[in-house]
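Me: Here is a model I would like to go through with you. I will ask what each label rests on, and I want the cut-offs with the answers.

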Amino acid sequence: MLKHLYSNWWKGLAVIFLLYTFSFGLLNKVPNVVILHETIRNLYYHVPCWFAMLFLMLVSLVYSIKYLRSGRLMYDIVAVALLRVALVFGVLGYLTGMLWGNYIWGDLISWILGDTKTLGTAIGLLMYFAYFILRGSIDDEEKRARVAAVYSIFAFTLLNVSINVVPRLKSSLHPGSGGNATFTVYDLDSGLRMVFYPAVIGYILLGLWISSVLIRMQILHYKKNNITV
Amino acid sequence: MQFWATVGAMLRKDLLMEWRQRYAISGIMLYLLCIVFILFMTFGQDVQGPVWVVLYWIIMLFTAVNAVAKSFLQEGQGRMLYYYTLASPQAIILAKMFYNMGMMVLMAILAAILHGITSGYPIVNTPSFLLAMLLGGIAFAASFSMISAIASKASNSGTLMAILSFPMLIPILIILIRISLNAIQSDDLRVNLQDLVYLTALDVMIVGLALVLFPYLWRD
């Protein structure tokens, strides 16, 4: 993946997918569902945030493991940049979710602790904020990279427990659980999928794009100090 | 065989140190006693079942932070280096975990007795509550040992210990509280079977992860 760091074709692809999402997401016909109505379009803008966040975290995990196996500083730079962008997508996911929750659940924030899915992701975000504090409190680069990689692998596993296992134990009002359907039930002509899947790809590519810029900046920073990554 | 002998020796060293100094375990017991006493002064004797359960696990959480946090923070760097020349990293982390697990289970039982004496004992299904204490104690001990090892590598590790470990423990706490809430309602162990299986899987996973990751951590 790193060999595409400087190529442009996938960035163009990101632009095309995002333009498609933001124009057709508002224009296409959506199934008329009671209570949800037009807010169902939030599927195109809210859910891809979480998909992108989890994807970036997963790739970051792969690079953390690669770092531990090889000790190349480059892999650590990649892992950190991806996590940074993943956190931004997580926060964006909350903001878009709040907008939707304001109309459907009638409140901006009280559901964060009431709903197990949002609680799970809140825990996940806290874990990764702690990751950056951990990095901040170690001075030596090599040691920082190693300790952070170990923590990141540990945290990702427990994050999966909190977003995949715990929500299954409790009931939730969130669409996709407790009898509240996701788009698979309502959408018979797959109109929602036509925009949703491109949106997910577009968001992921955008996330990779932003992290590639961060990675290149960090590489330049090391080059300036004559450190080979 | 050599490996388990080393683990046994490390464990014996920890127990011996505890026995000779004694201030650590008595400090934790006093801490426990203080929390229970404060809760007793605040809530009085008639505590509702669910409140009792939640208070119990909060007591356990803070006791765990104080009891297990020291496992790596307290040992000086020089002595750690000495251990590493003697034993493999897996043996060291395993011995620490076993020691902390024993400590946590002991504390869990002690907390249940103290909390039970002061605020009543609403649990009807004692076997499943005991299993929750055992599995929860193991999960707390294993994850705190690992986090303590991570935090000991950084400066201001005291604060770091709390912010690194609390988010990770919330999912474990949610499952534990669920089991205990079931245990005050029905005396059938089967209700909790699924959660107990999840918890066991979680314990195995945390211990496995620690065994894989710790060797990367100890090198300085």
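Reply: Start with burial: a residue is buried if 20 or more other C-beta atoms lie within 10 Å of its own, exposed if 12 or fewer, and partly exposed in between, with C-beta atoms placed from the backbone. Helices (H or I, at least four residues) and strands (E, at least two) are DSSP runs, numbered from the N terminus. This is a predicted model, where local features need pLDDT of at least 70, side-chain atom pairs count only at pLDDT 80 or more, and totals for chains, interfaces and linings use all residues. Residues are numbered from 1 along each chain as its sequence is written, while chains are lettered from A and ligands numbered from 1 in the order in which they are written.

Me: What makes H7(B) largely enclosed by the rest of the structure?

Reply: The count of buried residues. In H7(B), 21 of the 26 residues are buried, so the helix is largely enclosed by the rest of the structure.

Me: Which residues of H1(A) are buried, and what do they pack against?

Reply: Ala14(A), Phe17(A), Thr21(A) and Gly25(A) are buried. They pack against helix H2 (42–45) and helix H9 (191–224) of chain A. An α-helix has 3.6 residues a turn, so residues three or four places apart point the same way.

Me: Why is chain B called as compact as a globular protein of its length?

Reply: The radius of gyration is taken over C-alpha atoms, and the globule rule is 2.2 Å times the number of residues to the power 0.38. For 220 residues the rule gives 17 Å; chain B has 18 Å, which is close, so it is as compact as a globular protein of that length. Its C-alpha trace spans about 55 × 35 × 30 Å along the principal axes. Chain B has nine helices and zero strands, and 42% of its 220 residues count as buried.

Me: What makes up the side of chain B that touches chain A?

Reply: Two residues are in contact if their C-beta atoms, placed from the backbone, lie within 7 Å. By that test, 24 residues of chain B are in contact with 24 residues of chain A. Helices H7 (126–151), H8 (157–183) and H9 (193–218) of chain B each give two or more residues to that side. H8(B) has the largest share, ten residues. By class there are 19 nonpolar, two polar and three charged residues. Ala, Val, Leu, Ile, Met, Phe, Trp, Tyr, Cys and Pro count as nonpolar, Asp, Glu, Lys and Arg as charged, and the others, Gly among them, as polar.

Me: Why is Asn226(A) called exposed?

Reply: Asn226(A) has 6 other C-beta atoms within 10 Å, so it counts as exposed. It is found in the segment after H9 of chain A.
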